[in-house]
Amino acid sequence: MEAGEEPLLLAELKPGRPDQLDWKSSCETWSVAFSPDGSWFTWSQGHCIVKLIPWPLEEQFIPKGFEAKSRSSKNDTKGRGSPKEKTLDCGQIVWGLAFNPWPSPPSRKLWARHHPQVPDISCLILATGLNDGQIKIWEVQTGLLLLNLSGHQDVVRDLSFTPSGSLILFSASRDKTLRIWDLNKHGKQIQVLSGHLQWVYCCSISPDCSMLCSAAGEKSVFLWSMRSYTLIRKLEGHQSSIVTCDFSPDSVLLVTASYDTNVIMWDPYAGERLRSLHHTQLESAVDDSDVHMSSKRSVCFSPEDLYFATVADDRLLRIWALELKAPVAFAPMTNGLCCTFFPHGGVIATGTRDGHVQFWTAPRVLSSLKHLCWKDLQSFLTTYQVLALPIPKKMKEFLTYRTF
């Protein structure tokens with residue numbers, strides 16, 4: 001898909017239907033995720049089941065260009081046994097999913113010491129957040145259950161590993177708390193973050209590991225320090241419940257989406273609202289309980305920092321360019337709940353209320369030299385440091401996303 005083209009549906013995965021359906025099992029796909037290296041895809045397909053599928057899918061579903069790049073590593077492993085699809089029975093409705101980044105060598109040694117039964121210490125793991133407040137940790141290659149983390153008193157709605165690969169896991173729950181777990185220490189709970197007054201829907205860690213953002217169905221999001229686990233500030237600007245958030249890959253931007261039908265783009269370091277983007281118009285004024293039932297949505301950044309995608313209950317997937325006030329592309333989808341980009345770009349996965357997953361083409365563009373220089377500078381300078389540089393004002397505004 002070139003920039004400006006409409007997303008095309010590449011493939012759709014449908015869940016198998018159990019013989020006996022229990023209403024408690026639910027059928028929604030609340031979460032979808034690609035592994036950081038792009039070798040696995042997983043989704044909570046409903047009925048307490050999580051599916052792990054080697055990526056890419058069958059060749060006919062993969063767009064040209066994407067197929068060749070993605071399959072090169074797969075072809076190298078032929079003859080040594082290819083990964084196989086796995087079904088994880090979690091015993092509870094699954095709400096949150098998160099893969100870990102590949103562990104650093106010290107983490108691997110600690111993991112081996114605590115889990116000698118795991119044959120491959122450099123393992124990829126998947127965390128699943130469940131309806132009863134439990135978090136189950138699985139080894140992806142074997143489907144082995146490694147840990148069961150207890151502490152939350154209600155649904156674990158979202159999960160996020162620190163991008164550094166330290167095996168520190170953050171969880172967000174309807175019990176109005178976030179909890180921090182160290183998987184190197186048998187899944188020890190090391191901190192509880194309190195202060196939200198509503199269910200915590202979403203937690204997102206900045207890729208530079210400096211901040212955690214949490215959205216809890218309130219009109220503000222909380223920013224926490226990743227060093228001290230203390231509250232830095234609240235970002236206020238939405239007119240209704242905020243239910244999702246995501247940091248840009250360069251950590252410079254934060255986007256939040258709310259039941260007020262707006263997406264807000266923030267400079268999280270300065271606590272400044274940069275832009276409000278109108279998402280969709282609700283048909284009529286409704287109270288908060290009705291909004292909670294009808295306006296679920298998701299937001300996610302593309303890996304190259306140039307786009308982000310949103311899903312709302314008006315049955316549209318939208319793709320936005322950072323510098324524009326209107327979406328650059330739309331795709332019709334039914335009952336969408338979540339979305340995520342493939343880590344190497346080119347594909348968006350979306351989950352639906354009926355347990356399906358759909359894969360869409362996403363813009364594939366090369367970053368301009370200007371954008372690459374911008375990203376390189378932002379990788380080691382904060383907003384305040386950029387504003388203090390002895391350079392022209394317009395250049396400062398460009399480098400801090402203030403020329404939109």
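Two strands are said to pair if DSSP finds at least two bridges between them. Strands are DSSP runs of E with at least two residues, numbered from the N terminus.

Residues are numbered from 1 along each chain as its sequence is written, and side-chain values use heavy atoms, with hydrogens and water left out.

I begin with confidence. The predictor's confidence in each residue, pLDDT, runs from 0 to 100. Its mean over the chain is 82, and 77% of the residues reach 70 or more. Over residues 104-121, however, pLDDT stays under 50, and the model has 30 contacts (heavy atoms within 4.5 Å) for this stretch beyond four places in sequence. Residues 281-294 are also below 50, with 13 contacts beyond near neighbours in sequence. Where pLDDT is low, the predicted coordinates should not be read in detail.

Strand β26, residues 336-341, runs antiparallel to β27 and is joined to it by five bridges.

Four residues separate the strands, and Gly355 takes a positive phi near 85°.

Is β27 mostly covered or uncovered? Six of its six residues, 347-352, are buried, where buried means under 20% relative accessible area, exposed over 50%, and partly exposed in between, with a 1.4 Å probe and protein chains only. Val347, Ala349 and Gly351 point one way from the strand, while Ile348, Thr350 and Thr352 point the other way.

A further sheet is open, with four antiparallel strands in the order β22-β23-β24-β25. Its edge strands, β22 (298-301) and β25 (329-332), each pair on one side only. Strand β24, residues 316-321, pairs with β25 over four bridges, and Ile319 has Ala329 as its bridge partner in β25.

Finally, consider Cys209, in the loop between β14 (202-205) and β15 (211-215). Why does Cys209 count as partly exposed? The reason is that its relative accessibility is 23%. Leaving aside neighbours within four places in sequence, Cys209 is in contact with Pro163, Ser164 and Met226.

How values were computed. This is a predicted model: local features need pLDDT of at least 70, side-chain atom pairs count only at pLDDT 80 or more; totals for chains, interfaces and linings use all residues.
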